[in-house]
2 protein chains.
Amino acid sequence: MSLTALARPRSSGLSLRDTLSPSPPRLQLETIVKALILAGGSGTRFWPASRRSSPKQLLRLVGESSLLQRTVRRLAPEIGPQDCWISTTSSLRRAVRDQLPELPPERFLAEPAGRNTLPAIAWSVSMLPSVARDDVIVVLPSDHWVADETAFRRSLDEAAAAARRDEVVVTLGVRPRHPETGYGYLELAAPPAVGGGAQRVRRFVEKPDLETARRFLADGRYLWNAGIFLFRGATLLRLLERVRPDVAVALAELGEASPEELAAGYRQLRAESIDAGLMERLDDILTLPLDCGWSDLGSWAALAEVLAGDAVGNRRLGDLVAVEAGGNVVYSDRGTVALLGVDGLVVVRSGDAVLVMPKERAQDVRLVVQSLEGGGRVELL
Amino acid sequence: MSLTALARPRSSGLSLRDTLSPSPPRLQLETIVKALILAGGSGTRFWPASRRSSPKQLLRLVGESSLLQRTVRRLAPEIGPQDCWISTTSSLRRAVRDQLPELPPERFLAEPAGRNTLPAIAWSVSMLPSVARDDVIVVLPSDHWVADETAFRRSLDEAAAAARRDEVVVTLGVRPRHPETGYGYLELAAPPAVGGGAQRVRRFVEKPDLETARRFLADGRYLWNAGIFLFRGATLLRLLERVRPDVAVALAELGEASPEELAAGYRQLRAESIDAGLMERLDDILTLPLDCGWSDLGSWAALAEVLAGDAVGNRRLGDLVAVEAGGNVVYSDRGTVALLGVDGLVVVRSGDAVLVMPKERAQDVRLVVQSLEGGGRVELL
């Protein structure tokens with residue numbers, strides 16, 4: 001990463017917490033940034049394309065490469081494979097490795113079991129070589145979408161500079177485009193400064209209801225929480241010791257454990273997100289507004305934003321024949337999907353399953369998965 | 001077929017045209033009834049299950065056997081394979097034969113090209129051995145559904161008796177169950193007689209609009225035209241000579257043609273239905289009301305009537321998982337179809353294609369097929 005930072009001297013009198021790292025001028029930093037990519041997730045919202053053995057990050061949802069491959073290669077101009085680590089789970093390790101032949105085997109850190117993002121991140125950081133832990137680490141989900149990759153890297157650059165200089169956690173916050181109820185929000189301590197720059201986060205906000213989301217959108221101080229964090233590894237471990245000594249102690253024990261002890265001990269960790277388990281408990285977090293066409297691709301309906309479209313609003317990956325049918329989302333891994341006289345549907349054909357639902361039910365795919373689980377249909381999970 | 005007929009002497013004074021062949025007493029007839037099954041049709045309403053190479057009659061739409069196989073085997077208790085002929089086209093002959101190994105090869109009469117039912121029936125009858133032509137022949141479509149097969153055979157029996165005795169064409173007319181706009185109707189000269197029996201047909205009526213269909217349903221004198229005809233072969237040929245001498249002459253020429261001349265000459269025949277080309281021009285047709293749970297299975301929506309159902313009105317063939325989804329029709333030749341929050345849809349998975357449409361658009365599947373034709377997608381036709 002061609003790292004840059006703000007040249008302005010700290011004596012300028014500006015509060016660093018309110019308007020850090022405005023746009024250029026930027027200077028080269030001397031440290032190297034590392035990336036820790038979280039690829040251990042398993043979800044249900046992309047069933048039937050996603051299954052237990054091939055979760056969303058491994059799917060080619062938007063074209064030739066999987067979301068995981070896109071995440072790694074998006075960084076490559078500045079953070080190459082030699083600076084990437086992949087956090088995953090032991091059950092997915094093989095499939096994740098197969099998708100990233102450019103990374104050496106030791107870069108895949110496999111949790112013995114999925115325990116959500118706090119254990120995954122904390123343990124992975126503790127497993128990095130100490131020289132790497134001393135650098136700024138950007139932690140990224142592996143299943144998101146970025147339209148403008150140059151703008152994305154520029155923001156990472158700027159956030160990395162702030163994280164290094166101020167020894168704090170820096171998050172990336174996306175300027176809301178609509179009153180989304182599927183995301184958490186970051187409330188800024190003050191309205192975003194003209195010209196950007198990292199600002200202090202007042203609080204993390206859980207997924208709001210629609211009315212609240214509309215208020216957030218109008219307010220201007222609320223950003224979508226993109227789940228991207230930057231910090232020096234040493235900073236994170238120090239913050240854990242202070243705020244979550246229980247986790248710090250557990251990590252220290254796991255660090256000296258045999259493989260068998262690790263497998264058993266890791267399962268004892270409480271599953272919790274880094275948002276709830278750590279970030280919301282810190283009083284000093286910065287966020288940098290991100291404007292790069294970001295999406296978490298949180299559902300089949302959200303996928304529509306990034307798929308090819310036709311004149312009547314159908315979005316598709318795969319062969320579609322639409323007759324008097326518009327505004328549908330179609331994903332097909334083979335063959336042809338024909339729609340006649342339907343609007344606003346999601347139609348997915350993947351492997352041995354077909355799914356049909358209205359777009360507005362796209363967040364409820366888990367109900368289908370639960371029904372399959374309840375019926376013992378493990379071959380479909 | 002254990003053929004029976006009315007024993008009542010013609011001198012009874014009753015008009016034979018109004019109340020022929022009432023219910024038993026019935027007597028054994030001495031002739032054997034033959035069946036001519038029409039299996040040359042090609043339609044689009046069951047796409048994507050039906051394709052040019054496997055039209056509806058060859059599909060296993062309702063279970064293990066195809067509709068053609070069911071049609072033949074439904075007759076078997078009384079009209080066995082030794083008395084069946086199959087009219088098809090040369091392009092389907094192989095597939096049709098493969099489904100009916102119990103019939104000897106000479107029983108498959110292959111038109112050089114499809115020319116609708118008048119040429120198909122007239123030519124096929126002319127090709128029967130003369131001894132068979134002397135018998136009563138029942139002409140049946142090969143793609144219909146009959147729920148009560150015993151009642152069906154009883155009606156055939158009764159109609160055959162009338163056809164033999166009176167040297168006329170006898171049709172089977174289904175008592176309407178709803179104001180169907182997809183069928184032609186037969187108007188009786190008088191309301192159906194109590195106790196049944198063949199009655200004179202006043203006219204054939206083309207598919208009505210909904211208002212007219214409602215009037216027909218309330219009137220009581222209108223029956224659905226089931227497309228099933230009975231006549232002595234010699235009677236049909238005599239009627240053709242009288243009413244359609246052009247067709248009679250063409251048949252005589254084809255009867256003396258070489259295979260090459262047949263292929264060329266047959267294509268010269270005008271494509272027309274036997275309803276429009278002959279039946280509507282006859283002034284002496286009888287019909288026997290049929291009450292056997294008949295359906296022409298005219299669309300994916302109509303198929304719902306004969307598929308297994310669940311408590312919320314989903315009808316299916318194949319594996320279905322429905323969550324908050326009811327009143328849908330699902331047909332799947334493999335894998336699983338999952339529906340979430342949708343109602344009143346038809347969802348078909350067959351081979352390389354998936355089709356989704358509302359049930360009320362089921363008559364419009366041809367629009368999809370036309371779109372594929374227009375796009376040169378012959379591999380899907």
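Where does B:Glu324 lie? B:Glu324 sits in the loop between S15 and S16 of chain B. Its phi is positive, about 50°, although B:Glu324 is not a glycine. The model is a predicted one.

## Interface between chains A and B

Chain B brings 33 residues into contact with 33 residues of chain A. The area buried between the two chains is about 2,600 Å². Carbon and sulfur atoms give 62% of that area. Three residues stand out on the chain B side: B:Leu340, B:Val354 and B:Val356. They supply 25% of the area that chain B buries against chain A, more than any other three residues.

Several elements of chain B each supply at least two residues of the side that touches chain A. They are strand S15 (315–323), strand S16 (329–340), strand S17 (345–350), strand S18 (353–358) and helix H12 (365–374). By class, this side of chain B has 21 nonpolar, five polar and seven charged residues.

## Salt bridges and strand pairing across the interface

How many salt bridges are counted between chain B and chain A? The count is four. In one salt bridge, the side chains of B:Asp319 and A:Arg377 meet at 2.7 Å, N to O.

Strand S18 (residues 353–358) of chain A pairs with S16(B). The sense is parallel, and the pairing runs over four bridges. Within it, A:Val354 has B:Val337 in S16(B) as its bridge partner.

## Backbone geometry

Each chain has a cis peptide bond to Pro48. In chain A, the bond joins A:Trp47 and A:Pro48, with omega about 10°. In chain B, the bond from B:Trp47 to B:Pro48 is cis, with omega near 5°. A:Pro48 is placed in the loop between strand S3 (34–38) and helix H1 (67–75) of chain A. B:Pro48 is placed in the loop between strand S3 (34–38) and helix H1 (67–75) of chain B.

B:Glu167 is another non-glycine residue with positive phi, here near 55°. The loop that holds B:Glu167 runs between helix H5 (149–166) and strand S8 (169–174) of chain B. Is B:Glu167 buried or partly exposed? The relative accessible area of B:Glu167 is 30%, so the residue is partly exposed.

## A buried glutamine in a loop

B:Gln57 lies in the loop between S3 and H1 of chain B. The relative accessible area of B:Gln57 is 3%, so the residue is buried.

What does B:Gln57 touch, leaving out residues up to four places away in sequence? The contacts are B:Ala39, B:Gly40, B:Gly41, B:Ser66, B:Leu67, B:Leu68, B:Leu92, B:Gln99, B:Ser142 and B:Asp143. One of these, B:Gly41, places its backbone oxygen 3.0 Å from a polar atom of the B:Gln57 side chain. B:Arg366 is 309 residues from B:Gln57 along the chain. The C-alpha atoms of that pair are separated by 17 Å.

## Strand S11 of chain B

Why is strand S11 (residues 222–232) of chain B described as largely enclosed by the rest of the structure? The reason is burial: 10 of its 11 residues are buried.

S11(B) has several strand partners. Strand S6 (residues 136–141) of chain B pairs with S11(B) in the antiparallel sense over four bridges. There, B:Val136 has B:Arg232 as its bridge partner. S8(B) and S11(B) also run antiparallel, joined by four bridges. In this pairing B:Thr171 has B:Phe229 as its bridge partner. Strand S9 (residues 185–188) of chain B pairs with S11(B) in the antiparallel sense over three bridges. B:Tyr185 stands opposite B:Trp224 in S11(B).

## Helix H7 of chain B

Helix H7 covers residues 233–243 of chain B. Its buried residues are B:Gly233, B:Thr235, B:Leu236, B:Leu237, B:Leu239 and B:Leu240. These buried residues pack against both helices and strands of chain B. The helices are H3 (117–127), H4 (130–133) and H8 (245–255). The strands are S6, S8 and S11.

Note on methods
Residues numbered from 1 in each chain as written. Chains lettered and ligands numbered in written order. Predicted model: local features only at pLDDT ≥ 70, side-chain atom pairs only at ≥ 80, totals over all residues. Heavy atoms only, no water. Contact = heavy atoms within 4.5 Å. Buried area = accessible area lost by both parts, 1.4 Å probe. Nonpolar A, V, L, I, M, F, W, Y, C, P; charged D, E, K, R; others polar. Pairing = 2+ DSSP bridges. Buried < 20%, exposed > 50% of the residue type's maximum accessible area, 1.4 Å probe, protein only. Polar contact = N/O pair within 3.5 Å; in protein donor to acceptor, adjacent residues only side chain to side chain.
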